[in-house]
Number of protein chains: 2
Amino acid sequence: MTAPHLDQLAILGAKPAFERPLPVGQLYFPSWEKYEARFRDIFARQYYTNQGPLTQELERRLEAFFGVRHAICVTNATIGLIMAAESLGLKGKVVTPSFTFIATAQSLEWANLRPAFCDIDLRTHCVTPETIAPYLDEDVSAILAVNLWNGSCDPRTLEEFAAAHNLKLFFDSAHSFGCEVDGVPIGGFGDVEVFSFHATKVFSAAEGGCLTTNNDEIAKRLRNIRSSYGAGPPVPVVKTSNGRMSEAQAAVALMSLEDFPAILARNERLFGLYRACLARAPGLRLLEPTNVSKTNHQYIVVDVEAETFGLTRDQLLRALKAENIVARRYFHPGAHRCMPWADRDSGKTAALPNTETLCERIMQFPTGALVSDEAVARLGDLLETLSKRAPDVRKALEE
Amino acid sequence: MTAPHLDQLAILGAKPAFERPLPVGQLYFPSWEKYEARFRDIFARQYYTNQGPLTQELERRLEAFFGVRHAICVTNATIGLIMAAESLGLKGKVVTPSFTFIATAQSLEWANLRPAFCDIDLRTHCVTPETIAPYLDEDVSAILAVNLWNGSCDPRTLEEFAAAHNLKLFFDSAHSFGCEVDGVPIGGFGDVEVFSFHATKVFSAAEGGCLTTNNDEIAKRLRNIRSSYGAGPPVPVVKTSNGRMSEAQAAVALMSLEDFPAILARNERLFGLYRACLARAPGLRLLEPTNVSKTNHQYIVVDVEAETFGLTRDQLLRALKAENIVARRYFHPGAHRCMPWADRDSGKTAALPNTETLCERIMQFPTGALVSDEAVARLGDLLETLSKRAPDVRKALEE
């Protein structure tokens with residue numbers, strides 16, 4: 001395959017640049033040999049679920065990886081977030097950003113709490129004491145911060161802020177597996193952190209996730225919530241559920257952990273290629289990782305400045321879709337504009353100006369296992385052409 | 001292996017009758033060839049989760065199996081119960097039996113509802129209009145009935161009762177996969193039914209479950225709740241979650257469905273062997289399936305009459321455990337005596353005399369894939385010996 005300079009655009013009637021859709025998810029495909037061996041092992045052992053040996057091994061390895069006392073694996077991160085909220089014994093409201101995946105806020109509702117949506121920093125896309133402070137009142141019992149993209153909040157500042165206000169602090173770290181702050185892995189901050197091992201994430205169990213904490217009491221509660229019939233000595237928890245990870249999930253995660261250095265290297269290379277491409281596309285700014293000393297480079301997040309590039313974010317998305325490039329607007333709309341909060345809080349939600357701005361401008365580009373170096377180069381050429389022929393593209397989109 | 005008449009008992013110092021523990025769970029082990037082919041297929045397709053082709057195939061097959069309009073697969077039955085409760089738009093209290101797996105009642109709490117625990121019929125172990133009626137008041141919005149063991153409630157009578165009282169009706173049918181009432185499969189009654197495909201159930205996805213309904217609106221809501229980002233056109237649901245079934249789960253379930261006739265035949269044979277054995281053990285009564293025209297024979301449920309047998313249920317359990325027979329007291333204690341309800345409702349919970357009685361007398365014996373015909377015969381001999389030597393056993397247990 002060569003990467004010709006494309007002056008033909010699919011949106012203007014040419015053939016799409018890619019035959020097979022380019023996805024934004026990381027995706028993870030172990031070798032068949034590795035995969036077959038793991039599943040043969042599960043089959044021979046006749047032990048499929050309920051905190052089996054592979055799940056236990058995974059938890060021990062993740063505790064070492066994160067440098068935490070407890071890693072508690074779960075069937076998915078949404079259930080993990082619900083469990084985290086429940087384990088902290090919270091009441092009333094939890095301050096959390098609106099600029100996040102909808103599950104962050106939804107998890108609070110399942111634990112019978114209410115989100116108080118706060119704004120974010122325009123540069124880092126994360127919450128700060130300044131964006132949280134306006135939403136504090138006597139009904140607020142915790143902060144659920146979100147570590148976004150390839151970076152993170154400033155966890156130590158948030159820990160100090162939470163302590164000063166006598167609030168619990170937990171993190172949705174779905175994006176931040178393998179990231180570090182001043183050499184300390186994300187996973188050991190606040191009361192609990194929640195990671196996603198969904199198929200689209202940098203670390204995969206197909207479906208899955210884990211909770212990390214250094215607090216023995218919280219860990220006991222989480223283990224009891226995870227399985228209806230408890231695990232270890234029962235501790236006072238109000239509700240139990242089923243968040244168990246199966247051996248099939250743990251097997252994929254163990255393979256993913258083994259291959260993680262190679263995955264990181266690939267992501268870094270793709271990120272570098274995008275950086276070079278996007279430097280040639282005025283008006284498209286690649287979001288560099290913030291607050292972290294080590295990143296996983298798992299997302300290619302771009303801020304579209306329509307005036308300079310010539311197309312709005314949404315126009316660009318449509319033009320790329322015609323080329324079989326499945327870029328995504330993430331996050332749009334903000335959670336505060338979604339059900340049930342848009343209705344419930346209508347007129348009461350304070351303005352979230354930075355959130356509103358970013359919801360209109362931010363998008364993700366394809367990366368991960370199914371995206372080749374050559375595909376990024378070709379995509380770079382396409383972006384140049386799209387910018388040059390922006391008036392024609394806009395016209396075609398209006399028709 | 002022969003089945004000698006054992007006059008030596010482990011509880012009295014002899015060697016345990018079984019080297020490897022005999023479990024109560026059904027368990028399911030496909031052939032390696034079948035298993036390997038399914039997982040190779042998933043691997044080749046590079047599609048691991050998010051309503052993949054195997055999950056879709058499974059749902060179509062289950063709809064045919066149950067004879068319902070919608071079968072909606074989920075990652076486990078607890079999440080399924082929570083989704084069901086949420087989908088019905090309920091408020092306040094839901095009448096449900098205390099004599100059930102704890103997840104039945106817990107699921108209501110996650111949907112921000114409260115269980116009103118009712119009693120059960122002493123013969124069928126299930127709720128009836130008579131046991132429900134005393135708990136109806138203006139705060140009750142639904143009945144969550146439980147189809148237990150190898151039988152079921154009387155679903156049509158409950159449907160009429162619920163309609164007459166303007167209540168929603170849904171079923172925890174975790175035990176009742178493959179059972180029929182007057183030739184109609186369990187799965188099509190009430191507003192929704194919830195099935196478990198846990199590894200210990202007669203139909204297995206290792207972890208998994210499904211929801212069945214003939215109501216298109218409820219089905220749409222369930223599909224939206226199942227995946228945070230919805231599926232199909234969004235419908236007004238208050239909360240979404242992640243209840244997705246992965247392709248690995250669907251693969252095991254599809255194999256289980258293929259082997260289901262053989263599993264049923266095996267269960268029926270073991271049930272017959274137990275029936276013969278227990279006829280020789282005075283004071284141990286096997287619970288025959290109730291209300292069903294077809295059963296899955298998946299549980300061996302026994303009522304222990306201590307005066308006749310010579311040992312109480314709990315004494316018998318301990319003596320069997322010494323033999324490596326993992327019989328279980330199920331259910332004990334009733335949900336109304338568990339956290340959080342025991343505390344919350346202390347002094348307010350009306351007496352549940354039948355529940356209290358059964359919680360002290362009922363137990364499950366081993367059955368399923370790891371229990372041979374010979375093991376049942378040997379267990380029968382053991383029970384005879386235990387009954388004969390009951391005074392010695394009681395004395396040994398007191399020491």
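In which helix of chain B is the place of B:Thr385? The model considered here is a predicted one, in which local features need pLDDT of at least 70 and side-chain atom pairs count only at pLDDT 80 or more, whereas totals for chains, interfaces and linings use all residues. Residues are numbered from 1 along each chain as its sequence is written, while chains are lettered from A and ligands numbered from 1 in the order in which they are written.

B:Thr385 lies in helix H14 of chain B, which covers residues 373-388; helices (H or I, at least four residues) and strands (E, at least two) are taken as DSSP runs and numbered from the N terminus. With 19 other C-beta atoms within 10 Å, B:Thr385 is partly exposed, because a residue counts as buried when 20 or more other C-beta atoms, placed from the backbone, lie within 10 Å of its own, as exposed when there are 12 or fewer, and as partly exposed in between. A distance of 18 Å separates the C-alpha atoms of B:Thr385 and B:Leu273, which are 112 residues apart along the chain.

Chain A contains 15 helices and 12 strands, and its C-alpha trace spans about 65 × 55 × 35 Å along the principal axes. Of the 399 residues in chain A, 52% are buried. Among contacts in chain A with a separation of 6 or more, 72% are between residues 24 or more positions apart, a contact being a pair of residues whose C-beta atoms, placed from the backbone, lie within 7 Å.

Within chain A, helix H11 (residues 313-322) has as its buried residues A:Arg313, A:Gln315, A:Leu316, A:Ala319 and A:Leu320. Seen down the axis of H11(A), these residues fall within an arc of 160 degrees and therefore line one face of the helix, the arc being that of the directions from the helix axis to the C-beta atoms. Their cover includes strand E11 (300-304), helix H13 (353-361), strand E12 (362-365), helix H14 (373-388) and helix H15 (390-398) of chain A. Just after H11(A), A:Asn324 takes a positive phi of about 75 degrees.

Between the chains, 35 residues of chain B are in contact with 35 residues of chain A. H4(B) gives the most to the side of chain B that touches chain A, with five residues.

Key. Two residues are in contact if their C-beta atoms, placed from the backbone, lie within 7 Å.
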